[in-house]
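This report describes salt bridges and helix packing in one protein model. Please read it with the structure at hand.

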Amino acid sequence: MSDQDQTTRPAEDRSPPESGQTPLPPTPPTDAAGEQTPEHRTTEAEELTDRWRRALADLDNLRKRHARELPREREAERAKVAAAFLPVVDNLELALDHAGADDPGALVSGIRAVRDQAVEVLRSLGYPRYEETGVPFDPERHEVVSVVDEPDTAAGTVVQVLRPGYGEPGHQLRPAAVAVSRKQE
């Protein structure tokens, strides 16, 4: 480099940038008027176009991969849920095999145990059973199917659960079907 080039161009700062600062990109070549050269503008435009096309290709690949994997993931989840219910089905078949037994109490307790097992499977899948009475009516958790007169309870209190609910508010399989007390007149 000649002495003249060294005097017209500012000296490059070779010290490392301070923490938290990003280093500045190199200064593009300029002409005598201080504007970027046409060659540099063309090169920069080609580079940006190339980066844009690569980003589009990456996005397209991501969409295709998602479309391929989604059915596989759904099938895996369905298989997991079905496998969780297999012991329930097995126990129902055992209960049916013993239906002709002389002790009807044993059959009832066996069916109750199978029901409890099914409720546990639902709980483990994230849908706990709820069937509380004496709690205030909550439209996110309850579905009113009956309104009754109950003189000893406050208005809007769940007095009977006709069908239990499963899940949490905002993440339910179904709300509980309940009877609530009406306002006393």
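The sections below cover the salt bridges and then a helix pair.

## Model and salt bridges

The model is predicted. It holds nine salt bridges, and three of them are described here, Lys80 with Glu77, Arg115 with Asp116 and Asp149 with Arg182. Side chains of opposite charge can pair when their charged atoms come close.

## Lys80 and Glu77

Between Lys80 and Glu77 the closest N and O atoms are 3.7 Å apart, which falls within the 4 Å cut-off for a salt bridge. Both residues belong to helix H2, which spans residues 38–97. They are three residues apart there, so about one helical turn separates them.

Lys80 is exposed, with a relative accessibility of 52%, because the exposed class begins over 50%. Glu77 has a relative accessible area of 41% and is partly exposed.

## Arg115 and Asp116

The salt bridge between the side chains of Arg115 and Asp116 has an N to O distance of 3.0 Å. Arg115 is partly exposed at a relative accessible area of 41%. Asp116 is also partly exposed, at 39% relative accessibility.

## Asp149 and Arg182

Asp149 pairs with Arg182 in a salt bridge whose closest N and O atoms lie 3.2 Å apart. Asp149 sits in the loop between strand E2 (142–148) and strand E3 (158–163), while Arg182 is in the segment after strand E6 (176–181), so the pair ties together parts that are 33 residues apart in sequence.

The accessibility of Asp149 is 52%, and this residue counts as exposed. Arg182, at 38% relative accessibility, is partly exposed.

## Packing of H2 and H3

Two packed helices are described by the angle between their axes and the distance between the axes. For H2 and helix H3 (residues 104–124), the angle is about 175 degrees and the axes are 9 Å apart. H2 is therefore roughly antiparallel to H3, a class that takes in angles over 145 degrees.

On the H2 side, the contact is made by Ala84, Phe85, Pro87, Val88, Asn91, Leu92 and Ala95. Their counterparts in H3 are Leu107, Ile111, Val114, Gln117, Ala118, Val121 and Leu122. What is the make-up of the contact of H2 with H3 in nonpolar, polar and charged residues? There are 12 nonpolar residues, two polar and no charged.

Technical notes. Residues numbered from 1 in each chain as written. Predicted model: local features only at pLDDT ≥ 70, side-chain atom pairs only at ≥ 80, totals over all residues. Heavy atoms only, no water. Helix = DSSP H or I, 4+ residues; strand = E, 2+ residues; numbered from the N terminus. Buried < 20%, exposed > 50% of the residue type's maximum accessible area, 1.4 Å probe, protein only. Axes fitted to C-alpha atoms, helices over the stretch in contact; angles between N-to-C directions. Parallel < 35°, antiparallel > 145°, perpendicular 65-115°, else oblique. Contact = heavy atoms within 4.5 Å. Nonpolar A, V, L, I, M, F, W, Y, C, P; charged D, E, K, R; others polar.
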